[in-house]
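Here are my notes on the structure you sent over. Please read them with the model open.

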Amino acid sequence: LFVSDPITPGCEIELAPEQSHYLEHVMRLKPGTPIKIFNGRDGEWLATIAHLRKKKGTLAVDRLLRDQIVERGPMLAFAPIKKQRLDFLIEKAVEMGVGTLQPIVTAHGITDKVRLDRLHAQVIEAAEQCERLTVPEIAPPVKLLDWLSDWPENRHLLFCDETGSGSPIGEVLSQLLAKRAGSAIDNVNVVNHAIVIGPEGGFSADEIERIRKQSFATPVSLGPRILRAETAAIAALSVFQDRLGD
Ligand code: SAM
C-alpha cells in the first residue's frame with residue numbers, strides 16, 4: 001500500500017478515507033492484519049492495521065522489509081488515447097519500469113485533455129500491484145513541438161516510427177550499449193532516454209519530419225505491423241527493459 005507520509009519505525013500512519021474504505025470493504029481486512037507499505041522514499045515496511053472503521057484507518061509501523069532502491073527508468077512520451085486504452089497503457093508502463101510519463105499533445109491526437117489526478121491514482125495502484133518501490137513521475141502535458149524545442153542536452157529520443165524508417169529497437173539499444181565508451185552522451189544511463197509513441201492516428205507528416213531532423217532522435221521500429229499505441233508502448237518498454245533495464 002502506498003502512503004505519502006514519512007515511514008519510521010514505531011510511527012503511526014493515518015490512512016486516506018478511500019484507502020480505509022478499500023481495506024475494510026474491498027479487501028475485507030480487519031485490525032491486526034499485517035500489511036506492506038511504501039512511500040517511494042523510505043523503502044518497504046511491514047505495518048499492522050491498528051484501527052479501521054467507517055473510512056478511518058491507522059497503521060502501526062513495525063519493521064523495514066526492503067531498503068529503498070533506485071528504480072531508474074526511461075521516459076515514455078505518449079499522446080493521450082481513449083480512456084480504457086490509456087488506463088491499460090499507464091498500468092503496463094508502470095509494470096515495465098517507466099521512470100517518467102510525459103503526455104504530449106500532437107496534431108492527430110484525439111484529445112489534449114488528461115486528468116493528471118486520475119493518472120496519478122492509476123500509477124500508484126500499478127506500483128502497488130507490481131511491488132515497485134518508486135512511483136513514476138507524471139509530467140504536465142506539453143505540445144510535441146515545444147517538448148522538442150526544450151530538449152535537455154544529454155537526453156536521447158527513441159522515436160517509434162511505424163513507417164519503417166528505423167532499425168529494430170533492440171538493435172539500436174544494443175548498438176548504444178556497445179558504443180558506450182567515449183560517447184558524449186551517457187547513452188546507457190536509462191533516465192536519459194525518452195521513448196516517444198504517437199497517437200491513434202499516428203504523427204502528422206510535419207511532426208515526423210521535425211522529429212527526424214533532431215540530432216538527439218533515433219527512429220526505431222517495433223516490427224513490420226502497425227501496433228496500437230498502447231501495444232507499441234509496452235513493446236518498446238519491454239525491449240528497453242530487456243536491454244538496459246535494472
Ligand atoms: N490506429 C492504431 C491505433 O488506434 O492505436 C495504430 C496507432 S499507431 C499509428 C500509434 C503509434 O504507435 C505510432 O505513431 C508509433 O509511434 C507507434 N507504432 C505503432 N506500430 C509501430 C511499429 N511497427 N514500429 C514503430 N512504432 C510503431
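Predicted model: local features only at pLDDT ≥ 70, side-chain atom pairs only at ≥ 80, totals over all residues.

1. The chain has 246 residues, and 34% of them count as buried. DSSP-type elements come to seven helices and 12 strands. Along its principal axes, the C-alpha trace spans about 60 × 40 × 30 Å.

2. **Contacts along the sequence.** Take the contacts in the chain with a separation of 6 or more. Of these, 76% are between residues 24 or more positions apart.

3. **The four-stranded sheet.** Four strands form an open sheet, and their order is S1-S4-S3-S2. The pairing is antiparallel. S1 (12-14) and S2 (34-38) are the edge strands; each has a single partner strand, so one side of each has no neighbour in the sheet. On average, neighbouring strands are turned by 40 degrees against each other, direction ignored.

4. **S3 with S4.** How many bridges join S3 to S4? Nine bridges link strand S3 (residues 44-53) and strand S4 (residues 56-66), and the two run antiparallel.

5. **S2 with S3.** This pair is also antiparallel, with five bridges. Ile 35 has Ala 47 in S3 as its bridge partner. The hairpin of S2 and S3 has five residues between the strands. Check Gly 40 there: its phi is positive, near 85 degrees.

6. **H5 against H7.** Two packed helices are described by the angle between their axes and the distance between the axes. For helix H5 (residues 169-178) and helix H7 (residues 229-244), the axes come within 10 Å and cross at roughly 30 degrees. Angles under 35 degrees count as roughly parallel, so H5 is roughly parallel to H7. The crossing of H5 and H7 is right-handed.

7. **Who makes the H5 contact.** From H5 come Ile 169, Gly 170, Leu 173, Ser 174 and Leu 177. From H7 come Ala 236, Val 239, Phe 240, Arg 243 and Leu 244. By class, the contact of H5 with H7 has seven nonpolar, two polar and one charged residues.

8. **H2 against H7.** H7 has a contact with H2 as well. The axes of helix H2 (residues 83-95) and H7 come within 9 Å and cross at roughly 5 degrees. H2 and H7 are therefore roughly parallel to each other. On the H2 side, the residues are Arg 85, Phe 88, Leu 89, Lys 92 and Ala 93. They meet Ala 229, Glu 230, Ala 233, Ile 234 and Leu 237 in H7. The contact of H2 with H7 divides into seven nonpolar, no polar and three charged residues.

9. **Pro 141.** Where is Pro 141 found? Pro 141 lies in the loop between strand S7 (137-138) and strand S8 (142-143).

10. Pro 141 and Leu 89 are 52 residues apart in sequence. In space, C-alpha to C-alpha, Pro 141 and Leu 89 are 16 Å apart.

Conventions:
Residues numbered from 1 in each chain as written. Pairing = 2+ DSSP bridges. Axes fitted to C-alpha atoms, helices over the stretch in contact; angles between N-to-C directions. Parallel < 35°, antiparallel > 145°, perpendicular 65-115°, else oblique. Left-handed = near helix turned anticlockwise from the far one by under 90°. Contact = placed C-beta atoms within 7 Å. Nonpolar A, V, L, I, M, F, W, Y, C, P; charged D, E, K, R; others polar. Buried ≥ 20, exposed ≤ 12 C-beta atoms within 10 Å, placed from the backbone.
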